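Dear colleague,

Please find below the structure that I am handing over to you. My notes on it follow directly after.

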Amino acid sequence: MSEVRESRSARPPGEASSGLLGRMRSPRVFVPAAGLMVAFVLVAAIFPKGLEEMLVSANTTVVQDLGWWYVLIVTGFVAFSLWIALSSTGEIVLGKDDEDPEFGLKSWFAMLFAAGMGIGLVFWGVAEPLNHYNAPPPGAEAATDSADAGRVALDTTFLHWGLHAWAIYVVVGLAVAYAVHRKGRPISLRYALEPLFGKRVLGFWGDVIDIVAIVGTLFGVATSLGLGVTQIGAGLSFLGVVEEAGNALLVILIVAITAVALASVVSGIDKGIRLLSNINMVMALGLMAFVLVLGPTVFLLSEFVTQIGSYLQNFLRLSFDVKPFEGSDGSAWLSGWTTYYWGWWMSWAPFVGIFIARISRGRTVREFVLGVMLVPTLVTFLWFSVLGGAAIHRELFGNGGLIDAEEGVSTNTALFELLDGFPATGLLAVIAIVLIVIFFVTSSDSGSFVVTMLAEGGDLDPPVWSRTFWASIEGLVAIVLLLAGGLAALQTMAILVAAPFSIIMVLMVVATAKALTAESRERQRRRRLWMAREVAAELESNGHGDPGTTAGGSSKEPVGSP
């Protein structure tokens, strides 16, 4: 990280020199982003009903119309990622040509796994497959067959959490890693577009890019925090600790857990995040292993293998399915599931992309893309196969009880209802709640850290007061969105704020492709020149050439040759 550390000494565009703004490395980014978020919180707090009505209107008139765009570009991201990895550009090192990876393969895979785990996986691990099993997507021909409905349910879940999600992170992560590690730029999304716009990224439009990334990330993290406290409240109600998880309890939970995250920020973010992440991984893997061993083990392992094949077999059909022939039912379903997920992943992309870029110095482009897309995807598939598969198995072959005949699936309590069928139910429920709390803390902590880096012009050690400010804003946004409409409001905002960033991501694809292909062509030109010189030198040494003459005038290996 020497190039990144050196970049901290350079002042980014717009840095002030005195007063309050003098303590900000990039006030042209910090002030507008902070102003937008504070204004949103105030308006939502003063006019919650108005915000709720606006979100309902946006969901029916805007969000449902974005489905085709999100489906098209996200599938395009998958194609771009595979092309860039399998072409000659995959040989380029994200760092100096002779640089070794900063982290060993085992540690790197472990951190990629940690990046892929979050509140969303715990919240949706049982709930999503069960929802799709109970109510298959519109147009699914298997709606009347329970076994086929189970396969469709897991196919759909795999679509939402598989290669498409991680291709979104690859687009941002690769662009940032190339700019930071290969070109020595500060950590700022504006430099990801430098190959396309040149020095213009240092001005107004560069500020806009970073501001959009900050706002999108804040709403993405706030969505996860809202999901987390909703499930914590449902778990406390399930255990009988509280009678009902109302809005007052959810607000108290957000405030309390955000305070823990703030304490982690102030006391030392590196040790705190590392410790909590390790605890998270152990607890999550332990929970999954418990369900796998004590549940229908053979069925779960068989279903995991079968569903990977089913996912690959139906990959293209699922990737492009915008459900136009299902009418309003199709567009409503798409906005509640696929479009929501693509928007959620895009709002998280600056956060996760910067994280995976940071840990990937010294990796080749091919290693980066294939590692980021394949490893977390397989782990995620195993997670859903075990938890979601256990729930579907209980409905197919067990005593059921997870789907109410009238109310359907209780999304908030589905995990706890599944655990109720295992030994030591109370202990498992407590472990699940603790797991969610730790995910909550690490998401808020690390999310605020990344946002602060962006707001402070790429500073790798942003000031504590700034981290505290952004962590507090995340908690406040989660509160006002929950009060303005709960889960539906969180989903709608995640899709809406990702819309402008989706355009930036398309530009990132063009910029990254331009930079990598240009460098790859130059590498191939130098390689051909070097080979020609080697051949000429060999001919000369064998007496088949004029003394002192070689192709290019020198037998020395050119700079940048393989």
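**Salt bridges, a helix pair and a surface patch**

Glu522 counts as partly exposed, because its relative accessibility is 29%, where partly exposed lies between buried (under 20% relative accessible area) and exposed (over 50%), computed with a 1.4 Å probe and protein chains only. The model is a predicted one, in which local features need pLDDT of at least 70 and side-chain atom pairs count only at pLDDT 80 or more, while totals for chains, interfaces and linings use all residues. Residues are numbered from 1 along each chain as its sequence is written, and side-chain values use heavy atoms, with hydrogens and water left out.

The side chain of Glu522 meets that of Arg526 in a salt bridge, at 3.0 Å from N to O; the term denotes a side-chain nitrogen of Lys or Arg within 4 Å of a carboxyl oxygen of Asp or Glu. Arg526 is likewise partly exposed, with a relative accessible area of 29%. Both residues belong to helix H22 and are four residues apart, about one turn of the helix. Helices here are DSSP runs of H or I with at least four residues, numbered from the N terminus.

Across the whole structure, the search finds 15 salt bridges. One of them pairs Arg182 with Glu519, whose closest N and O atoms are 2.3 Å apart. This pair links distant parts of the chain, with Arg182 in helix H9 and Glu519 in helix H22 (residues 486-541), 337 residues apart. Arg182 and Glu519 are both buried. A further salt bridge joins Glu367 to Arg363, with 4.0 Å between the closest N and O atoms. Here Glu367 is partly exposed, at a relative accessible area of 35%, whereas Arg363 is buried, at 5%.

Helix H9 (residues 163-182) also has a crossing with helix H18 (residues 365-397): their axes come within 9 Å and cross at roughly 150°. The two helices are therefore roughly antiparallel, a description used for angles over 145 degrees. Axes are lines fitted to C-alpha atoms over the stretch in contact, and angles run from 0 to 180 degrees between N-to-C directions.

Finally, Val38, Leu42, Val43, Ile46 and Phe47 make a nonpolar surface patch of about 470 Å². Such a patch takes residues with over 30% relative accessible area and no salt bridge, nonpolar side chains being joined within 5 Å. Val38 is placed in helix H3 (residues 27-46) and is partly exposed, at 34% relative accessible area.

With kind regards

Key: Patches are made of residues with over 30% relative accessible area and no salt bridge: like charges are joined within 9 Å, nonpolar side chains (Val, Leu, Ile, Met, Phe, Trp, Tyr) within 5 Å. Accessible areas come from the Shrake-Rupley method with a 1.4 Å probe; for residues, only the protein chains shown count as cover. Angles under 35 degrees count as roughly parallel, over 145 as roughly antiparallel, 65 to 115 as roughly perpendicular and the rest as oblique.
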